[in-house]
Amino acid sequence: MTGVVIVGTQWGDEGKGKATDQLGERVDYVVRYSGGNNAGHTVVVGDEKYALHLLPSGVLNKNCTPVIGNGVVVDLGVLFEEIDGLAARGVSIDHLLISANAHIITAYHQVIDRVTERFLGKRKIGTTGRGVGPAYADKVNRMGIRIQDIFDESILRQKVAAALEQKNALLVKVYNRPAISANEVTDQLLGYAERVRPMMTDTAAVLNDALDDGKVVLFEGAQAHHLDVDFGTYPYVTSSSPIAAGACTGSGVGPTRIDRIIGIAKAYTTRVGEGPFPGELLDEVGERLRQAGGEFGTTTGRPRRCGWFDALVVRQAARINALTDVFLTKLDVLTGWDKIPVIVGYDINGRRHDAMPMTQTELHHATPIYEYLDGWTEDISAARSFDDLPATTQTYVRRLEEMVGVRISGIGVGPGREQTIVVHDLL
Ligand code: GDP
Ligand code: IMO
Ligand code: MG
């Protein structure tokens, strides 16, 4: 049996989509286990670029069955738009499986996401505005709507009406917004039922059977460790558990079925939305990284905040996710710097910290302590083996490996499928 988890080690957009696609040919099932269409996973195949939000990146590999697990929140409108968009480009998604237990993002979740952010003003989270947080809040609050509910009209009408009774009071009385019609929301959801029917299944059973049969199941994380609702920079996080442990609760397989956990780490750091980011470069250096890396959001187009590699950030992710391997991405973006700084500690109120501090207040007061590594000027985008890399690039990778404490098994040297160096087999 081979259960493999891919998880982001920073604040998202590390290149999880590319890494997932890269492994695709040897994978039987690719499962999204958390998040929703707040994710934006880019896969580049030849001249074609695909931006996937809700569908697992495995959809681009014909022999691989894509699965949306119970831990995902599904906007059905977005799902079918994405499926139709890919179909128009010749990619067929006729074998997608969706968990009957996955929760649905409805129109009112999107409205609430946006008005809540507006209401927070300067204290906003900087969400993607897709309704993800409010849908998870309803799930935990036991007033969510699940995929299976759209097949029982009378139950669905009752559930939507009950949810809207509360939401409308909030929308009208607190936020001064028009009420949302329960009948309209229900009718819209019922309208999707026939298309969803052949996809809906007990995905936990399918995945456990697949693992019993020795199939390879890849769990494709969305978001990242530092956006996790428990371990991230709360409250500036997403509302789910993107960490590796979330692959179990979000898909219905037990922890002993996971054999490999691959952390995806960008060779520098980025973050979108609000929240602490000790290494953020607000000067022209940050701008140069943003331009070199094309750091603009796949989902919202927002410019990503940029900084150098932060060893404390990735080391914490390595530990809590029990990483077995690291896939280092976008190394090519660092070409052309004389010296490349790496964060090796934080100064917090005059005291050195070698690990991320326990409290958010401390993190807000952290000033990075850098180590300066030698850069390189050679174009590395055509390198296909570790030995093809210049000596200083090799030293940079080895030093990062030492700092993180986990072996670097894959290295990205460009967005293309083939622009990868495999140091140790990932499957
Ligand atoms: P994800 O959310 O983790 O899947 O990452 P995104 O797709 O949001 O952002 C990663 C971006 O970097 C995408 O535009 C990828 O095509 C690109 N990318 C991934 N790996 C590499 C790499 O090794 N080098 C370069 N230059 N770009 C990469
Ligand atoms: P991928 O999978 C980067 C961020 C948002 C915001 C916070 C909460 O492409 O790496 P949400 O809409 O989830 O309630 O927003 O989380 N965020 C991401 N940042 N990459 C993502 O996904 C993200 N998904 C959510 O910017 O700060
Ligand atoms: Mg992304």
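**Exercise 1.** Which residues of helix H13 are buried?

*Solution.* The structure is a predicted model, in which local features need pLDDT of at least 70, side-chain atom pairs count only at pLDDT 80 or more, and totals for chains, interfaces and linings use all residues. Residues are numbered from 1 along each chain as its sequence is written, and side-chain values use heavy atoms, with hydrogens and water left out.

Next, apply the cut-offs, by which buried means under 20% relative accessible area, exposed over 50%, and partly exposed in between, with a 1.4 Å probe and protein chains only. The buried residues of H13 are then Thr393, Tyr396, Val397, Leu400, Glu401, Met403 and Val404. Because they cover an arc of only 165° around the axis, taken from the directions from the helix axis to the C-beta atoms, they lie on the same side of H13. The face turned away from this buried side carries the exposed residues Ala391 and Glu402.

**Exercise 2.** Determine how strand S11 is placed between its partners.

*Solution.* First consider burial: in S11 (residues 260-266), 7 of its 7 residues are buried. Then take the pairing, which requires that DSSP find at least two bridges between two strands. Strand S1 (residues 2-8) runs parallel to S11 and is joined to it by 5 bridges, with Ile6 opposite Ile262. Strand S15 (residues 325-329) is likewise parallel to S11 and joined by 5 bridges, and here Leu328 is the bridge partner of Ala265.

Key
Chains lettered and ligands numbered in written order. Helix = DSSP H or I, 4+ residues; strand = E, 2+ residues; numbered from the N terminus.
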